[in-house]
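The sequence and the structure are shown first.

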Amino acid sequence: MSQTFTKSMARNIFYGGSLFFFLLFIALSVDTSEAIPKQNAKAIITPQVAMGKRIWEDNDCIGCHTILGEGAYFAPELGNVYKRFGNSTDAIKAFIKSRPKNGIPGRRSMPQFNFNEKQLSAIAAFLKYASEIDTNGWPPNIQG
Amino acid sequence: MPSSYTIERRDYPPGDLAIWIFILAELLVFAIFFATYAFTRSNHVALFNHSQLSLNTNLALINTLALITSSYFVVRAVAAIREDKTRLCIRWLIAAVMMGFIFLVVKIIEYHHHYHNGINLRTNLFFMFYFSLTFFHFMHVILGMVILSAVAIKARQGHYSSTDFTGVETGACYWHMVDIVWLILFPLIYIMK
Amino acid sequence: MKYQSQAVAKYYFIAAIALFVGQILFGLIMGLQYVMGDFLFPEIPFNVARMVHTNLLIVWLLFGFMGSAYYLVPEEAETELFSPKLALIMFWVFLAAGVLTILGYLMVPYATLADITGNSLLPTMGREFLEQPTITKIGIVVVALAFLFNIGMTALKGRKTVITLVLLIGLLGLAVFFLFSFYNPINLVKDKFYWWWVVHLWVEGVWELILGAILAFVLIKTTGVDREVIEKWLYIIIAMSLITGIIGTGHHYYWIGTPRYWQWWGSIFSAMEPIPFFMMTIFAFNMVNQRRRNHPNQAAVLWALGTSVMAFLGAGVWGFMHTLAPVNYYTHGTQITAAHGHLAFFGAYVMIVLTMISYAMPMLRGREAANSNKSQVVEMWSFWLMTVSMVFITLFLTGAGIAQVYLQRYSDTPQAFMVVQEKLATFYWMREVAGVVFLIGLITYISSFFVGGKEAEEIA
């Protein structure tokens with residue numbers, strides 16, 4: 001029976017199957033693109049949030065932290081840090097500002113980035129925005 | 001029905017082995033989907049029953065008949081090629097593909113109706129399953145039609161005969177699978193209360 | 001070596017191994033920073049060490065893939081490379097771009113690097129694995145296009161085999177999906193959604209085609225099994241890879257602000273992602289058992305078999321472990337992910353490149369088919385040292401992950417991230433020790449190129 005199972009059959013399954021599932025993936029992605037703004041209507045993108053995201057990227061925050069569970073696993077989750085810090089952007093700004101320049105002996109420490117007030121507010125606004133994304137109930141608790 | 005093909009006992013299963021592996025894999029995926037549907041439904045019976053009311057059972061019934069009829073046409077196509085009646089085989093295949101088109105059109109009418117009423121994949125758990133399952137099946141109908149068309153084209157080019165009709169059987173097997181999945185889907189989603 | 005132009009592969013392989021060493025050194029630095037938080041602070045902060053570690057991995061794997069293609073395609077197509085000169089130019093361009101980028105990470109603060117490379121014009125930086133300056137990304141695209149052109153023209157003018165075709169589809173997919181790295185919307189959910197089109201559709205999609213093609217090539221060469229049989233297997237394996245892997249992308253869309261239906265689609269399809277890897281294991285062992293000859297390069301056969309097993313364990317089993325949405329709810333973004341990442345990248349992609357190097361390098365260095373027995377013994381030692389130590393790294397990280405999930409996410413009194421991290425120190429120390437053994441394995445591997453050079457070639 002194995003000779004009826006030909007190479008061309010295998011090839012057709014490869015091309016047909018891949019195309020089939022890629023099209024299905026595209027269809028689901030189109031639906032998702034439509035859904036994302038509706039699902040996250042509470043998470044409003046302001047110019048300040050946009051600025052905050054750029055600062056987040058320009059300093060590679062994701063190289064230590066996770067945001068919505070993605071990134072490095074070296075430092076705390078920041079998707080819900082706004083809520084963990086008592087729904088306070090001021091607490092976030094104060095924490096970033098207070099990091100010692102030369103670290104803490106023997107322990108992990110966030111670098112001192114010397115941000116100005118406007119930058120600090122932008123980052124805090126971005127993290128507040130992130131906390132308002134509807135993540136289907138993740139993380140399991142406030143510790144992230 | 002001619003009886004010439006009842007005497008011979010050919011390889012079993014009919015069609016190519018690869019398509020059977022493929023069909024089993026497909027059925028497995030559908031089975032997982034059905035099982036998760038049934039499991040989720042048992043936890044949300046009221047929601048599922050209520051949401052079910054907005055489905056159009058009549059249209060689904062038309063589609064069920066369309067697919068059963070098309071399966072019959074495919075059976076006739078296989079019978080035809082076994083008697084070397086290539087042109088007849090092609091005609092039955094085209095008829096089957098036409099029934100597939102009817103299915104697609106009716107299904108699109110249903111989808112359009114839901115969309116018009118603002119119902120989609122994200123409305124609730126029931127509709128998540130309804131759209132996922134029926135759309136996944138919808139794509140299989142399209143794939144089945146592509147396969148049947150390819151078989152018809154190859155038949156026209158004279159690739160099949162009463163001694164070599166594995167290709168036709170292979171396409172037929174796949175189409176029957178698509179039909180069977182719908183026959184489970186229809187009662188599961190539209191009828192079950 | 002049948003064709004002169006295959007020689008360009010040697011450059012790519014040597015660069016790959018050199019960058020591999022750098023990757024491991026920075027891995028050890030990071031490992032130490034996990035337990036000695038102030039190590040090299042603030043000179044090399046953790047995020048810098050990490051981007052060097054991960055970017056070097058990606059770059060050296062790309063060198064490995066390109067080298068493999070330059071060796072494999074002329075032999076499959078039975079013709080000289082379209083342009084060996086272009087291949088060499090692109091080698092130096094890619095190496096320069098890679099080294100400059102890594103130096104950029106190390107010499108200046110990342111924000112300064114973003115500034116001087118004009119990230120504000122087309123912001124693409126600062127996302128995991130895509131930290132490269134935009135200009136480097138453009139460089140990667142240019143190199144990839146030139147490479148595809150060169151390989152494609154070679155394949156076109158010669159014999160067209162399934163292996164070449166699959167390799168080309170894989171490499172083309174690699175280039176196409178990389179283009180999504182230039183799309184970086186402000187909307188964090190959309191950003192993440194398309195970020196996975198690069199990352200997932202690479203490693204759980206098109207890279208599996210490259211892996212399958214290289215494995216099939218080495219198996220044909222070392223076992224002498226009929227090409228028809230091997231190519232049929234290859235088609236079925238890669239078909240399963242894409243059938244499960246494309247919708248399997250959904251397992252990254254559970255908790256990032258995307259609709260809930262991905263939890264179903266993602267769970268069901270990614271649960272099947274181990275199937276192609278399992279088939280690959282069956283395939284490799286079957287082919288070796290049905291071999292028609294004993295190839296003198298037993299080290300290459302060992303690497304090939306090892307790849308199939310470790311890819312199944314790392315990508316298949318360790319992936320499955322946390323892929324179902326109810327499980328992933330607790331494990332998402334913990335050390336479990338790190339454990340899976342290590343074994344999957346090593347087992348699937350590091351090992352397939354080392355398989356190809358192991359097979360091709362003796363010929364590239366002027367031998368008939370294989371290194372001397374002495375050299376092969378050292379190489380096999382390095383195989384076991386690296387593989388076993390990577391398994392232990394994975395086990396320790398898995399242990400850390402399970403403890404982390406319990407303490408931070410699952411227990412009735414969840415504890416803060418940093419509190420939990422302190423409690424995991426023992427796991428991290430053991431991981432670091434295993435990492436040192438890995439480095440010893442890597443040194444052993446490199447030394448295998450320098451021992452037994454004068455001795456007679458191994459003959460079957």
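## A covered helix in chain B

In this predicted model, helix H3 (57-82), helix H5 (125-156) and helix H6 (166-191) of chain B are among the elements that cover the buried residues of H4(B). Those buried residues are B:Cys89, B:Ile90, B:Trp92, B:Leu93, B:Ala96, B:Val97, B:Met99, B:Gly100 and B:Phe103.

Helix H4 of chain B itself runs over residues 86-116, 31 residues in total, and the distance from its first C-alpha to its last is 45 Å, close to the 45 Å expected at 1.5 Å a residue. After H4(B) comes B:Gly118, which has a positive phi, near 75 degrees.

Where chain A meets chain B, 11 residues of chain A are in contact with 10 residues of chain B. The side of chain A that touches chain B is made up, by class, of eight nonpolar, two polar and one charged residues.

Between chains C and A, 62 residues of chain C are in contact with 58 residues of chain A. Two or more residues on the side of chain C that touches chain A come from each of helix H2 (46-77), helix H4 (110-116), helix H7 (188-223), helix H8 (227-248), helix H12 (325-331), helix H13 (335-364), helix H14 (373-410) and helix H15 (417-423) of chain C. Of these, H8(C) gives the most, with 11 residues. Sorted by class, this side of chain C holds 35 nonpolar, 15 polar and 12 charged residues.

## Two domains of chain A

The domain assignment divides chain A into domain 1 (1-39) and domain 2 (41-144). Taken over C-alpha atoms, the centres of domain 1 of chain A and domain 2 of chain A are separated by 38 Å.

## The largest nonpolar core

The largest nonpolar core comprises 251 residues, and B:Ala77 and C:Leu234 are the residues with the most contacts inside it. H7(C) gives the most to this core, contributing 24 residues. Because domain 1 (1-39) and domain 2 (41-144) of chain A both give residues to this core, the core lies between them.

Which residues are in contact with C:Leu234, leaving aside its neighbours within four places in sequence? They are C:Val162, C:Ile163, C:Val166, C:Gly212, C:Ala213 and C:Ala216.

Technical notes
Residues numbered from 1 in each chain as written. Chains lettered and ligands numbered in written order. Predicted model: local features only at pLDDT ≥ 70, side-chain atom pairs only at ≥ 80, totals over all residues. Contact = placed C-beta atoms within 7 Å. Nonpolar A, V, L, I, M, F, W, Y, C, P; charged D, E, K, R; others polar. Domains from an automatic or database assignment. Helix = DSSP H or I, 4+ residues; strand = E, 2+ residues; numbered from the N terminus. Expected span 1.5 Å × (residues − 1). Buried ≥ 20, exposed ≤ 12 C-beta atoms within 10 Å, placed from the backbone. Core = buried A, V, L, I, M, F, W, Y, C linked by C-beta atoms within 7 Å.
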